[in-house]
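This report describes selected features of one protein chain, taken region by region. The sequence and the structure are shown first, and the description follows.

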Amino acid sequence: MLRQLRSFVNYFLGGSTVEEEDSADTYDKICKILESNDEPSNEPAAAVEEEISQYSCFEKTGKITSADGNSYTVDETYHFTSDSQTFKIGATVFFTCYKSESGLRVCDVALHDEWSGEAITGERSWCRRTLPRKVSKREGRQIFLVPDNINFDLNEVCIEFVPMAGDWVELHVKVEIDETVSNLCGKILEIEQVRPLGSYLSEGQIKRWNSERQEGVINKTIFFNSEALMCGYVPFVGDKITAEIMESEQGDYSKRALKIVPQDLADNKVGLGRDILPKFDVRSDKVLAPNDIVIKSTKLGVKEKFQLPLKNKTLNDLVILNVSYPSSNSQCVLVKPEDLTNITMQRSKTVVFEGVCKTKYVGVSKELILFTFSNFKIGCWVTVNVELNTYTEQAMVYRFPSTACAQFGQGPLIKGRRSTPAARFIVRQLHHYPVPQRLIEIVSTTEKKEAMRAVRAVKQCLTSTLQFSTYEDYFHTLLHLDEIFQLESVKQYAQDYVCFIKNGEYLMLPIENLAERRPSLIVGDRIVAKDAYALDAQEYEGFIHKTDAKHVYVKFADSFHRNYDKEEMSVMVLLSRTIYKRMHHAISMAARDLRSAFLFPSKLTAKDPQVMVTVDDDKNLWITNEESKDKPNKTRLKWHNQSLNHYQKEAVRNILLGVARPLPYLIYGPPGTGKTVTLVETVLQILRFIPQSRIIVATPSNSAANLIALRLIDSGVLKPGDLTRLVGYHYATENLLPVELVPYSAHVDIAKEGTRENHRGYNLSVIGKHRIIIGTCSTLGCLYSIGITKGQFTHVVVDEAGQCTEPEIMIPLSLLDLSGQVILAGDPCQLGPVILSNLASEGGLTHTFLDRMLTTFPYIRDAEGFQDTDGYDPRLVTKLIYNYRSLPTILNMFNQLFYMGQLQPTISEVDSKEAKLLESLKEMLPESTDSKVPAVIFHGVTGDNTQSTDCPSWFNPNEASQIFFYVHELYRLGLKSTDIGIISPYIKQVRIIRSLLMEAEFDVPKVGTVEDFQGHECNVILLSTVRSSTNLLGHDQQYRLGFLANPKRLNVAISRAQVLLIIVGNPHLLGKDPHWRGVIKYCIENGAYCGCELPKI
């Protein structure tokens, strides 16, 4: 037996990192335990724990000495919980006790009369094992495994995925050593972790997809369902994909895909075509019809005449029963003869029809005219080619000019004038976190294709999945890579032989296309200037005080301003590092204070509610005040916003309960579902029912911070001094803050109190008194510098959390300790953070904390386990599903693509004001397949994407003209500029469209990029996609431009419209993208496609 035991120890410990002498010591300990017949002493827990060795367990008997709910104590020493059985005080129980990393653990507790035979007590040993088991069935969150009839609760184990019946899993368990069985594997004491068995990544091809059952097959052997699909991906047969695979028995299939990602721009056919057209003949032995009629025009909205001859080739008369146009909004109609029914064609004669084409579509489009005879149909195609006299230029990739060759750092530097004097004494200084020179050398000397491989060779933290042990190094490295990109990119601003322009107290430096360049120059960045003709000339440092479209306004030292007289200078730019230092610091603080259980949760340990909330039969919420003796025991929760729906109220209730804290509570808010409204109600209820609460509200942008601040103020609930809107000094002084917020605004003076005079900023003694502080994540970083202590704030609320990088969101989160509560609101399917560095993006900096939580257990969606809450654990997540923005036709498109069809419309498509507005636009829109006015149109245009010689951005003249035509039609039908929004992913296209409208003296509606429209909505959205050339898609992928490189940008663009969405783009190009393909297919199936001919199948 001892030899067998020695083999067992060698087997299980030999493959680990334990040294040989450690294994021998463990073996000796186990031998002593087996040879010892002493009964374990019934001493207090601390003493008992000292006596029990690391791998020992006991079967004991004892009496229940205390009970509190589902928590019990045996012999005043051993504690356990039981949800399945109730024990009375004084009852005799048998149980197993063993030592775990967290202390003594108790399991398998049973009453004496439930045991068959006499219980055996004594000391045994346990070990860790990995057991393969198959999931036989699921009942809610309970998982049942075979063989051995093992079951566990998903809420009580560490698990990486949501299993389904048929899956094979790896159980990482602690088992009792049983000498009576050959493998020594006895009773399972604890399930430590559950993993998918045999998981691996593999490329494959979609072989089958059932859209009704939401199930499909990869490579004929791998099963998958919609839960595995990447956000926004609709699979088609033939798609090439990359999938994470595991062992699973699903009917005829032996494996299951856990996650599926489509490969970029697959070459397979997109499956678009004119399969909705009726059957007809183009050629016939009875009738001779023209192959194609071509109409050319240089204008939209004009009428062009044409003729269509038909010749009867038979020796008998033929009768044309009727003439029809399959397109409900056809550009071409026949006007002569006036009666187009029962037209007799005499034998061997030709009938000439006269028609009119009113041009509506830029570029080449085709219209079909059908002639129906008694037993056949003839179709004639009319090709309409509208070529506008607009500016075009051969497509090219613009390069920013950079002519500077001067060397800096050779001479002394004279400091410039900051907009605010530098603080000499700061309560807490941030570390500098300099960029490692080794990383700079690798990035600057390695070819782009090999750069990431070279970085990973020296930074092993980037070679594996993010984990707590590499957390700091991982994000420090990504931030360094991002900063290196900024350092390289800022060289584009370096110039030789430039002159400053005097403008009052400033010197202006002209920079072409300043607004379009990235990285942007902001207030606080530095300009270093020197004589362009002297190598060791005096260098002068200046600070940027403000910017406009083509200039930066700089202040140097007074002596430079006095003596400068239009001399030619060499200049370079140095970016401010403040935000990088704050993010580096936040990552370090988060790793130190928030720790692994918060940053990498694997299970939920429920706590007592922070507020006792109960629900009565009428669904009213009541707050129980157990501590108060003078006031009523219960207080009814009164909603400040009476229009909240069920899901919004549930989010507030679950946050007040806070049983999952300190784990973040997530409000998953798809477009138009009232996410900000829910956050405002949450903040107000926290203030009311948690009197000691102090709240930080963080956002990624000033506009988002202003919005939530105004909503809180408009509630009329806050008292004077409750709220402050924390802003940067320049944001306040440049009058960018809404007038309504000026009385509530403040900016921070980071200087130690009493060390600086004549500064209008506030320090800790003032800022710390407010109960609500609202600001951007970056601005809130100054709170650390003025000495805010951990625990001073009880709650951190982050709006638009999906737009923050993880280091950025950790700035406000690092101000909280683990006794507080975090609430994150956002949508992982909308725009994420803007990261310009390819290396940082590839490394994972674009993967936000919100993304990571929603793909991590216990946050991950479990449709079977939480059927009443859309698959999410209500203690952790509330998904808002009622959409208050769009007509159902618009909602259904992005709902199916990005939200698994879970969103519910609240706007009627029959009698709402939105429906009536859409009906008023009927004459300019095609008729849908259900004979209704379509709310979504895809207009195909085969234009050219072009760059001008003086601008890096792209534009498409044909699409711009088509957008102009639609705006004209909308104005003609009575819409106003405030009803319309125009979106394009490229700044140049935005400017071209705006210029066309201004030249026509139209009221210009809001025209902007997708980022400009996030959080906004319009009755009508016109969307110009610009791209028409496949050879430039790699450029977009490299710089993450346009729509094809970012499905989240697509989601935002198509979810802004309330009444009508018109998309103008090239279906031949866009149809190759898996996400755009779904949009185009949706429009075709609903009869809402017009414009150029579709790709062939």
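## The loop around Asn620

The side chains of Asn620 and Arg636 are joined by a polar contact of 3.0 Å. The model is a predicted one, and in it Asn620 sits in the loop that runs between strand E34 (612-615) and strand E35 (621-624). Its relative accessible area is 19%, so Asn620 counts as buried, the cut-off being under 20%. When neighbours within four places in sequence are left aside, Asn620 is in contact with Thr614, Val615 and Arg636.

## The parallel sheet

An open sheet is formed by eight strands, which follow the order E40-E39-E41-E38-E42-E43-E37-E44 with parallel pairing. Strand E40 (745-746) and strand E44 (877-879) are the edge strands, each of them pairing on one side only.

Within this order, strand E38 (residues 695-699) pairs with strand E41 (residues 772-776) in the parallel sense, over five bridges, and Ala698 stands opposite Gly775 in E41. Helix H16 (residues 806-813) packs on the sheet, where it touches E38, E42 and E43, and its direction makes about 145 degrees with that of E42.

## Helix H10

Helix H10 (residues 675-689) lies across strand E37 (665-668), E38, E41, strand E42 (795-798) and strand E43 (821-826), and it runs at about 160 degrees to E43. The end C-alpha atoms of H10 are 21 Å apart, which agrees with the 21 Å that its 15 residues should span at 1.5 Å a residue. Helix H10 is also mostly covered, since 13 of its 15 residues are buried.

## The loop around Gly721

Gly721 has its place in the loop between helix H11 (702-714) and strand E39 (723-726). With a relative accessibility of 40%, Gly721 counts as partly exposed. Although Gly721 and His770 are 49 residues apart in sequence, their C-alpha atoms are 6.1 Å apart in space. If residues up to four places away in sequence are not counted, Gly721 touches His770 and Arg771.

## Nonpolar cores

The largest nonpolar core has 183 residues, and the members that touch the most others in it are Met810, Leu813, Leu1022, Ile1054 and Leu1060. Helix H8 (residues 578-599) gives the most to this core, with ten residues. Apart from this core lies another, of 31 residues, which includes Ile293, Phe306, Met345 and Val384.

Beyond its neighbours within four places in sequence, Met810 is in contact with Tyr471, Ala586, Ile587, Ala590, Leu594, Leu599 and Phe849.

## Helix H27

Helix H27 (residues 1074-1085) has twelve residues and reaches 17 Å from its first C-alpha to its last, which is close to the 16 Å expected at 1.5 Å a residue. At the start of H27, a side-chain oxygen of Asp1073 comes to within 2.9 Å of the backbone nitrogen of His1075. Just after the helix, Gly1087 takes a positive phi of about 65 degrees.

Helix H27 is mostly covered, with eleven of its twelve residues buried.

Methods:
Residues are numbered from 1 along each chain as its sequence is written. This is a predicted model: local features need pLDDT of at least 70, side-chain atom pairs count only at pLDDT 80 or more; totals for chains, interfaces and linings use all residues. Side-chain values use heavy atoms; hydrogens and water are left out. Helices (H or I, at least four residues) and strands (E, at least two) are DSSP runs, numbered from the N terminus. The expected span of a helix is 1.5 Å times one less than its number of residues. Buried means under 20% relative accessible area, exposed over 50%, partly exposed in between (1.4 Å probe, protein chains only). A polar contact is a pair of N or O atoms within 3.5 Å; within protein, one must be able to donate a hydrogen and the other to accept it, and residues adjacent in sequence count only if both atoms are side-chain atoms. Contact means heavy atoms within 4.5 Å. Two strands pair if DSSP finds at least two bridges between them. Axes are lines fitted to C-alpha atoms, for helices over the stretch in contact, and angles run from 0 to 180 degrees between N-to-C directions. A nonpolar core is a set of buried Ala, Val, Leu, Ile, Met, Phe, Trp, Tyr and Cys residues joined through side-chain atoms within 4.5 Å.
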